[in-house]
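Open the model in your viewer and keep the selection panel at hand. This tour goes from one stop to the next.

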Amino acid sequence: MTNQTNAPNRVWSIILAGGEGGHITPFIQRWLGRPRPKQFCTFVGSRSMLQHTLDRADQLTQPERKVTVIIRSHSWEIWPQLGNRPIGKVVVQPVNRDTGAGILFPLTHIRQRDPQATVVIYPSDHFIHPEEKFIEAMRHAVWAAERYEDKVVLLGAPPDRLELDYGWIQPGSELGAVRGRQVRGVHAFWEKPTPVEADAAMTAGSLWNTMVMVAKVETLWNMGWQCFPEMLQLFTQLRDVIGTSKEAVVLESIYEVMPIVNFPRALLQRAQDHIAVVELTGVLWSDWGRPERITDSLCRIGKQPAFPRRHLRADTGMNPVEAERLSVRGSKRSSPSFLCAS
């Protein structure tokens with residue numbers, strides 16, 4: 001069910017689904033007996049992480065304004081996942097070239113169709129609870145991007161521990177308020193900080209960078225030209241042939257020379273004056289890139305995983321007694337309606 005109430009009419013969604021799995025791959029291999037990218041896995045309930053992300057996107061924007069980006073080697077995974085959902089558009093990268101190309105490739109398609117659009121970018125491997133408060137925060141981020149057209153608006157999650165795998169955002173001065181929610185500039189940005197940097201960031205009241213972001217298409221495009229022009233030159237070649245018989249050939253040729261660019265490091269960290277942040281309050285957010293984060297999240301909301309616990313214990317480093325103690329403690333907590341328990 002979709003609900004785009006009070007959302008601007010020219011908003012598009014980009015779903016990033018081209019990741020390889022990273023640190024969680026050995027756990028998935030033991031559980032399923034084969035490797036599988038985490039976004040296609042169902043860790044709890046009956047929907048995969050990708051399916052949850054697609055459903056969240058459809059609550060904010062029209063399903064036909066949704067672009068999902070994958071890599072070719074994952075093509076056989078995604079089509080069964082789409083099921084009876086409105087598909088929107090799926091764009092296929094020949095190979096993975098990190099988040100720079102992962103974002104600019106679908107952005108090229110959206111810009112070719114609607115250059116005045118606002119775009120919401122969702123990683124597809126995040127745990128989010130409760131969904132309603134997340135969608136409310138996203139609406140405020142969209143309104144902020146519409147108001148501050150030269151900004152990329154990030155969602156920042158309040159931290160509860162030092163975390164070296166996440167990016168950190170130190171909010172700066174207040175830019176204003178959008179429908180009662182504060183929008184702030186960015187004083188400092190760290191992508192994968194050192195322990196000393198993470199400790200200093202947390203002490204300074206910094207937020208985790210969720211990598212959920214909203215911006216005008218032209219704002220992102222212009223920032224890309226400033227930060228990695230060689231990549232924009234390649235995608236400009238693609239934009240000029242989208243929908244023609246040359247598209248497939250040009251796509252293959254540009255990916256043969258596509259630079260590997262990390263979007264947070266190459267753009268967000270370098271363009272702090274053009275970044276704003278909205279705090280994600282009242283939401284449990286986690287990037288499930290490590291098995292221990294799955295353990296922590298499920299214990300907090302009292303849900304049982306969709307996999308045998310012995311596989312998780314092996315990766316979290318817990319002894320069996322401690323893992324069982326945590327699972328029992330979690331099961332005794334109140335269990336609010338949980339978005340993965342569908």
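Axes are lines fitted to C-alpha atoms, for helices over the stretch in contact, with angles from 0 to 180 degrees between N-to-C directions. This is a predicted model: local features need pLDDT of at least 70, side-chain atom pairs count only at pLDDT 80 or more, and totals for chains, interfaces and linings use all residues. Residues are numbered from 1 along each chain as its sequence is written, and side-chain values use heavy atoms, leaving out hydrogens and water.

**Whole chain**

Start with the protein chain in cartoon view. It holds 13 helices and eleven strands. These are DSSP runs numbered from the N terminus: helices are H or I with at least four residues, strands are E with at least two. Colour by burial next. Of the 342 residues, 57% are buried (under 20% relative accessible area; exposed is over 50%, partly exposed in between; 1.4 Å probe, protein chains only).

**Helices 7 and 8**

Select residues 217–227, helix 7, and residues 229–239, helix 8. Their axes come within 6 Å and cross at roughly 130 degrees. Helix 7 and helix 8 are therefore oblique to each other. Now show side chains. Helix 7 brings Trp221, Gly224, Trp225, Gln226 and Cys227 to the contact (heavy atoms within 4.5 Å). Helix 8 answers with Pro229, Leu232, Gln233, Phe235 and Thr236. By class, that makes six nonpolar, four polar and no charged residues. Here Ala, Val, Leu, Ile, Met, Phe, Trp, Tyr, Cys and Pro count as nonpolar, Asp, Glu, Lys and Arg as charged, and the others, Gly among them, as polar.

**A cis peptide bond**

Go to histidine 129 and proline 130. The peptide bond between them is cis, with omega near 0 degrees. Proline 130 sits in the loop between strand 5 (126–129) and helix 5 (131–147).

**Two positive phi values**

Select aspartate 98 in helix 4 (residues 98–113). What is its phi? The value is near 70 degrees, positive in a residue other than glycine. Aspartate 98 is partly exposed, at 30% relative accessibility.

Finish at methionine 211 in strand 9 (residues 207–216). Phi of methionine 211 is also positive, near 65 degrees. Is methionine 211 buried or exposed? Methionine 211 is buried, with a relative accessible area of 13%.

Key
Parallel < 35°, antiparallel > 145°, perpendicular 65-115°, else oblique.
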